Amino acid sequence: MRIAFISGGAAGMYCGSCIHDNLMASTLQDLGHDAALIPLYTPLRTDDESASIDRVFYGAVNTYLDVKSSWIRRLPLGLRRFLDRPGLLRKVGEMGSAADAKELGELTLAVLQGDEGPTRAELEQLAEWLAKDLRPQVVHLQNSLFVGLARRIRELLGVPVISSLQGEDLFLDELIEPYRSQAIALIQRRSADLQGFTANSEYYADHMAQLLGLDRSLISVVPLGLNLEGLDVAPTAEEGSGQSAAAAVATATAVNGSNSGAADDVFTVGYFARLCPEKGLGVALEGFADLAQRVGPEAVRFRAAGYLAPKDAPWLRQQIEKISEQGLGERVEIVGEVDRQGKIDALRSFDVLTVPTVYREPKGLFALEAMACGVPVVLAEHGTFPEMVEETGGGVLVAPESPAAVADAVERLFHDPQQRWFLGKAGHAGVRRRHGARRAAESLLAVYDQRGAVAS
């Protein structure tokens, strides 16, 4: 089957959705299908070998200029293609976005308007390329904020168009009015151009059906898939669930500027996600400070790895200062952004992972990756986490936005290595039972078949 995955680049940062989209495309290729991963806005950055084509549609520069100036839309195609060069867009992504809330809303509406809006020239380029060069039998939009593309694609190709639902509610909630309401209304109207949706959990399917006013029967649940290569060390009773990793330690930067954390028996509380308040890093740090006072600072350390956006750097410095004022500066390490091997090393160095998000997490790929390494997880009792913990048995749920609840749960695991081993073993098996990449890809193929895709 020829499949077109259309995915939005994340402006140069590692993005869980991009990583998952890349994995699904490459896994389908391994299964013998012709799956093309097509970036929008900026090139996709993943922690594995890229499966994306070497071309970007809806380039960030052109799309922005389309919305801001009508005469830009009349520029020669050659010049517009120059502005869509992956190298240029990669540099733009590295510089970050300076768009304010109003501009973000305008850009969102423009793309959702599709062939009725200011970015119709970008849409026409994409649709014509799909029809002439790729000729897919199904087109899968990796985000419902792209549903404005569906009608023109269907007109030219005559094939089913599917859309994923993966975190759009968080983005929509950040839009100021009237953009938020208008965006939701456009998604509702344009969803008639689709053959269906996919979501990664029952929770998120139900939530988005209610938010967007969708027929729940149109949403198929396809569990998240993982690349399990390297995530294959089951814990043993003798080893416990955590393993120190030289590579993670070598790159770890303690908040006092030194590199501590050689292989030892210190209990490591881990965090692996974007370094920001929304993911609950502040809650996790407060919980760790409470834990350290209970069991003694020398018995524990906190290690955090993940991408730090420039806008969150001042906030993180404040958190570090707060921890240092409590005399715990030497017990906290900020590893920062890591590649795939660095991620595996960091996860294996944890005795427990906690990412107590303050919002209702729609995916939680980081928690599955930790459990795949046999690391038990402590997660907030909302979003997709209750469903995830129930199906894997690999973690503990705590009250949202409660550092004390995090400290209570981690302290219990600190004192009970047998329970850590039990949770680690259950999570390790549960992830393999339900979240392998091949199983997720085969589930996608079943959805395509159900929604009318015909393989030649």
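Colleague: How do the residues of the lining of the largest cavity divide into nonpolar, polar and charged?

Modeller: They divide into six nonpolar, seven polar and one charged. Ala, Val, Leu, Ile, Met, Phe, Trp, Tyr, Cys and Pro count as nonpolar, Asp, Glu, Lys and Arg as charged, and the others, Gly among them, as polar. This is a predicted model, in which local features need pLDDT of at least 70 and side-chain atom pairs count only at pLDDT 80 or more, while totals for chains, interfaces and linings use all residues. Residues are numbered from 1 along each chain as its sequence is written, and side-chain values use heavy atoms, with hydrogens and water left out.

Colleague: What makes a space a cavity and not a pocket?

Modeller: On a 1 Å grid over the protein atoms alone, a cavity is a set of points where a 1.4 Å probe fits but cannot get out; a pocket is an open set with protein on both sides within 12 Å along at least five of seven lines, and lining residues have an atom within 4 Å of a point. The structure holds two cavities of 30 Å³ or more. The largest has a volume of about 130 Å³, a volume being the space filled by probe spheres set on the points, which are joined across faces, edges and corners. Of its 14 lining residues, the closest to its centre are His-20, Gln-142, Ser-164, Thr-198 and Asn-200.

Colleague: Which element supplies the largest share of the lining of the largest cavity?

Modeller: Helix 1, with three residues. Helices (H or I, at least four residues) and strands (E, at least two) are DSSP runs, numbered from the N terminus. Helix 1 (16–30), strand 4 (161–165) and strand 5 (196–199) each supply at least two residues of that lining.

Colleague: What is the volume of the second largest cavity, and which helix gives the most to its lining?

Modeller: The volume is about 80 Å³. Helix 16 (residues 385–392) gives the most, with three residues. The lining includes Asn-200, Glu-387, Met-388, Glu-391 and Arg-434, and by class it has three nonpolar, four polar and four charged residues.

Colleague: Why are helix 15 and helix 16 called roughly parallel?

Modeller: Helix 15 (residues 365–372) and helix 16 pack at an angle of about 20°, with their axes 11 Å apart. Axes are lines fitted to C-alpha atoms, for helices over the stretch in contact, and angles run from 0 to 180 degrees between N-to-C directions. Angles under 35 degrees count as roughly parallel, over 145 as roughly antiparallel, 65 to 115 as roughly perpendicular and the rest as oblique. Helix 15 and helix 16 are therefore roughly parallel to each other. Their contact (heavy atoms within 4.5 Å) is made by Phe-366, Ala-367, Leu-368 and Met-371 of helix 15 and Phe-385, Met-388 and Thr-392 of helix 16. Those residues divide into six nonpolar, one polar and no charged.

Colleague: What makes helix 12 oblique to helix 17?

Modeller: The axes of helix 12 (residues 281–295) and helix 17 (residues 403–415) come within 8 Å and cross at roughly 50°. That angle makes helix 12 oblique to helix 17. The residues of this contact divide into nine nonpolar, two polar and five charged.

Colleague: Which residues is Arg-433 in contact with, leaving aside its neighbours within four places in sequence?

Modeller: Glu-391, Thr-392 and Arg-439. Arg-433 has its place in helix 18 (residues 417–434). Arg-433 and Glu-391 are 42 residues apart in sequence and 9.5 Å apart in space, C-alpha to C-alpha.
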